[in-house]
Amino acid sequence: MKYNTLGTSGLEVSEIALGCMSLPEDPKQAGAIIDEAMDNGVTYFDTADFYGKGKNEEIVGGALGNRRKDIILASKVGNEWSEDSDEVKWNPTKAYIKEQIHNSLRRLKTDYLDLYQLHGGMISDNSEETIEAFEELKKEGLIRAYGISSIRPNVIRRFLNNSEIASIMMQYSLLDRRPEEFLPEIGQTGRSVVARGSLAKGLLTAEGFTRAEKMGDYLQYGPDQLTATLKKLSAIHDNIHALALHSVLSDSTVAAAVTGASSPGQLHETLLAYQQTVTAQQVEEAKKATRLDRYEQHRD
């Protein structure tokens, strides 16, 4: 496993991170996945207070136990949910963030977070207030670094220019290359990108063709184009899973790829794929075989 520094934070994170959203609710099953991850050098675990209305944080906290000091633990805040309904409000206020950190810490059974991320963001937000909240949490020792999870260019630029964020979580894969427009700009500021969705809902795995039949289209790919693209990628490397991971990680701005797993076997497949050799030429061919789209909204 390779480890990279997360932006300007000084935190060292494993290139493969475990996205905890898809962990089973059964503690033993979730623990088995986390054990598999840690046994193979994964030290970066990402969750959010919104996942399962706090249940996911509880599962992660219980599964980690006394190994908390050995890992980089990240969570997210900003989605205010109701215990009694499906209603969700966006709340990036200072008061809410500073209240919710204590709930997350309690559920995760820890007294600090390595990385606390704003789980979204809009240009209409009072970002100065949001940034102030994160900065105060750093001074109070409750978080070591903060970042945002966003695919909105105008929000990303605002935080790049006006805050000390360490990282930006963005959906990035061979089938969604929109972040590439901004990777140089982000990298020049010393910040990192954390890639989510790098396997494109399983399309970029051994089950890709089966999933494509069920899904039909994906983003700007229609059914025929999606199938044709998967065939091209499969011809470039005999393990499309490996090609997907290494293509995303080939850019030095990307510190880690966050991948989910609902079983130890599923995680094991990702770790095996990561250990495969993928050449720079194969990455270049994969880029030629896929679309390079731009974000069309939220640019101003």
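Helix α3 (residues 94-108) lies across strands β5, β8 (113-118) and β9 (143-149), running at about 135° to β8. Helices (H or I, at least four residues) and strands (E, at least two) are DSSP runs, numbered from the N terminus. Axes are lines fitted to C-alpha atoms, for helices over the stretch in contact, and angles run from 0 to 180 degrees between N-to-C directions. Contact itself means heavy atoms within 4.5 Å.

Please note that this is a predicted model, in which local features need pLDDT of at least 70 and side-chain atom pairs count only at pLDDT 80 or more, while totals for chains, interfaces and linings use all residues. Residues are numbered from 1 along each chain as its sequence is written, and side-chain values use heavy atoms, with hydrogens and water left out.

Let us turn to the strands. In what order do the eight strands close into a barrel? The order is β3-β4-β5-β8-β9-β10-β11-β12, with parallel pairing. Two strands pair if DSSP finds at least two bridges between them. Neighbouring strands of this sheet are turned by 30° against each other on average, direction ignored.

I shall take some of these pairs individually. Strand β4 (residues 44-46) is joined to strand β5 (residues 72-77) by three bridges, and Tyr44 stands opposite Ile72 in β5. Strand β12 (residues 254-260) is mostly covered, with six of its seven residues buried, that is, under 20% relative accessible area with a 1.4 Å probe, protein chains only. Strand β3 (residues 16-19) runs parallel to β12, and four bridges join them; here Ile16 faces Ala257 in β12. Strand β11 (residues 192-196) also pairs with β12 in the parallel sense, over four bridges, and Val194 is placed opposite Ala256 in β12.

Helix α10 lies across β3 and β12, at about 160° to β3. How does α10 cross helix α9? The axes of α9 (residues 240-249) and α10 (residues 264-275) come within 8 Å and cross at roughly 65°. On the side of α9, the contact is made by His241, Ala242, Leu245, His246 and Leu249; on the side of α10, by Glu269, Thr270, Ala273 and Tyr274.

Finally, the annotation. UniProt, in an unreviewed entry, places the feature "domain: NADP-dependent oxidoreductase" at residues 16-289; such annotations may be inferred rather than shown by experiment. Over residues 16-289 the chain is 44% helix and 18% strand, and the end C-alpha atoms are 24 Å apart.

Definitions and conventions: Buried < 20%, exposed > 50% of the residue type's maximum accessible area, 1.4 Å probe, protein only.
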